[in-house]
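Hi,

Here is the structure I said I would pass on.

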Amino acid sequence: MDRTPVRTPRTATAAAPAPGHALKHLAVHLLTPLLMCLGMALAYQGAFHQPEPHHLKVAVVGTTPQARELAGAVQGAAGDALDVATLPDRAAAERQLLDRDLVGAFLPDPGHPELLVAKANSDTSAMAAEKVFQRVAGQQGVPLAVTDLTTPSEGDPTGQGLFFLLVALSIGSYGSVAVIGAAGAALSMRIRVLVGLGVSLAVSLIGIVTAGPLFHVVDHDLAGVWALGWLYAAGVIGIGLGLHSFLKRWTTLAMMVLFVMLNFTSSGGVYRPDLQNGFFGGLHAFWTGAGFLEGARSLLYFDGGAGFGGNLLVLVLWLVAAGVLVTGAALYEKRGRSAVGAGRETGAGTGAGPAAEEELEELEESAVAV
């Protein structure tokens, strides 16, 4: 009797991908973090590596020939670093500082020279002005008294807290875009936009609760700062949802360029334009992060004046741009669905596997980016 064991057929295993193909796949996906590294290095070092005054606006208070002579001497020594004006009296200086038209105003006095600043406008700019007039007082051999016309919030003595609120709102917003785009890919653009509005509301509420009652960075005008935060977050998410339809897995990189690399560096949270080069200083005039940050500063420290209307307009225009972009994306997706339907009718089916895999890869890259 034959006792040879019967061999059962083994299930065929998938062949391992060729090393060359696997390396190519890996290289494509390493491109995103390497581009992020390059972009962050260029943006942050380009914006912050060498802060120097550029047309920093200061004034000498007084109508005497000596005051005008001092203003001319300071301007001559500083060149393009300063824009030195003369003002008739202390009241005029205080008014321009609280309108955020000046960084510092020097009141010359042989025995007690004084510098007026508004540090809530920008602590680093105020320090630059103080450095200039410390030299003037030092030549007279007397100490310089520095008077801050603004009072910082209880939890934000350096005035940097609003910048970190901007960071939190930005990460919560752009980090949500890939999630909505990947996990909600089967939903219509209208539903995704409604979800995005809900997420932006949640992000803004988290931001104001932590910045307000928890850490007291915002100790009054909570409703106004929260509304600015919601407007900002809705604009970021709306633009992200619109871009996702066109860029797919590259959306994360695009969002980091728009709302981290260019956004944080031009916001004025670390250095305002008068201490930056022309590129980032120019972005500050119309970029969305600057709109939120400067608007919040105006509400908290300058009674809702000092350019608040312009900052609000910047945020509204970014939200309008988001609306235009998601409308275009919806039309683009509709056209794509029509093409897929026509292909199926002619027998040319489309597989969903690669697209789904691409969306999941984007989601993983977004997590790394955050």
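Before the rest, some housekeeping. This is a predicted model, in which local features need pLDDT of at least 70 and side-chain atom pairs count only at pLDDT 80 or more, while totals for chains, interfaces and linings use all residues. Residues are numbered from 1 along each chain as its sequence is written, and side-chain values use heavy atoms, with hydrogens and water left out.

**The overall picture**

The protein has 370 residues, and 43% of them count as buried. The accessible surface comes to about 18,900 Å², and carbon and sulfur atoms hold 65% of that (Shrake-Rupley method, 1.4 Å probe; for residues, only the protein chains shown count as cover).

As for contacts (heavy atoms within 4.5 Å), take those with a separation of 6 or more: 75% of them join residues 24 or more positions apart.

The average pLDDT, the predictor's confidence in each residue from 0 to 100, is 86, and 86% of the residues score at least 70. Residues 347-353 are a stretch to read with that in mind: pLDDT stays under 50 there, and the model has three contacts beyond four places in sequence for them.

**Salt bridges**

A salt bridge here is a side-chain nitrogen of Lys or Arg within 4 Å of a carboxyl oxygen of Asp or Glu. By that rule the count is six. Back to Glu94, then: its partner is Arg90, with the closest N and O atoms 3.1 Å apart. The two sit four residues apart in helix H3 (residues 90-98), so about one helical turn separates them. Arg90 is partly exposed too, at 33% relative accessible area.

Another one links Arg272 and Glu294, at 2.6 Å from N to O. Arg272 is in the loop between helix H9 (263-266) and helix H10 (278-283), whereas Glu294 is in helix H11 (residues 288-301), so this pair ties together parts that are 22 residues apart in sequence. Arg272 counts as buried at 15% relative accessibility, and Glu294 counts as buried at 2%.

Glu294 also meets Arg297 in a salt bridge, at 3.3 Å from N to O. Both lie in helix H11, three residues apart, or about one turn. Through shared partners, salt bridges join Arg100, Arg272, Glu294 and Arg297 into one network.

**A nonpolar patch**

On the surface, Leu31, Leu35, Leu38, Leu42, Phe246, Leu247, Trp250 and Tyr332 form a nonpolar patch with about 700 Å² of accessible area together. Patch residues have over 30% relative accessible area and no salt bridge; nonpolar side chains (Val, Leu, Ile, Met, Phe, Trp, Tyr) are joined within 5 Å, and like charges within 9 Å. Helix H1 (19-48) and helix H7 (222-247) each supply at least two of the residues, and H1 gives the largest share, four.

**Aromatic rings**

The structure holds 12 aromatic pairs. Rings of Phe, Tyr and Trp (its six-membered ring) pair if their centres lie within 6.5 Å; planes under 30 degrees apart are stacked, over 60 edge-to-face, and the rest tilted. The Tyr44 and Phe48 rings have centres 5.8 Å apart and planes at 75°, so they are edge-to-face. Both lie in helix H1, four residues apart. Elsewhere, Phe259, Phe286, Trp287 and Trp318 make up one aromatic cluster.

Most residues other than glycine have a negative phi. Asp303, not a glycine, has a positive phi of about 55°, and Ala306 likewise has a positive phi of about 55°. Asp303 lies in the loop between H11 and helix H12 (308-345), and Ala306 lies in the loop between H11 and H12 as well. Asp303 counts as exposed, at 79% relative accessibility.

Over to you!

Definitions and conventions: Buried < 20%, exposed > 50% of the residue type's maximum accessible area, 1.4 Å probe, protein only.
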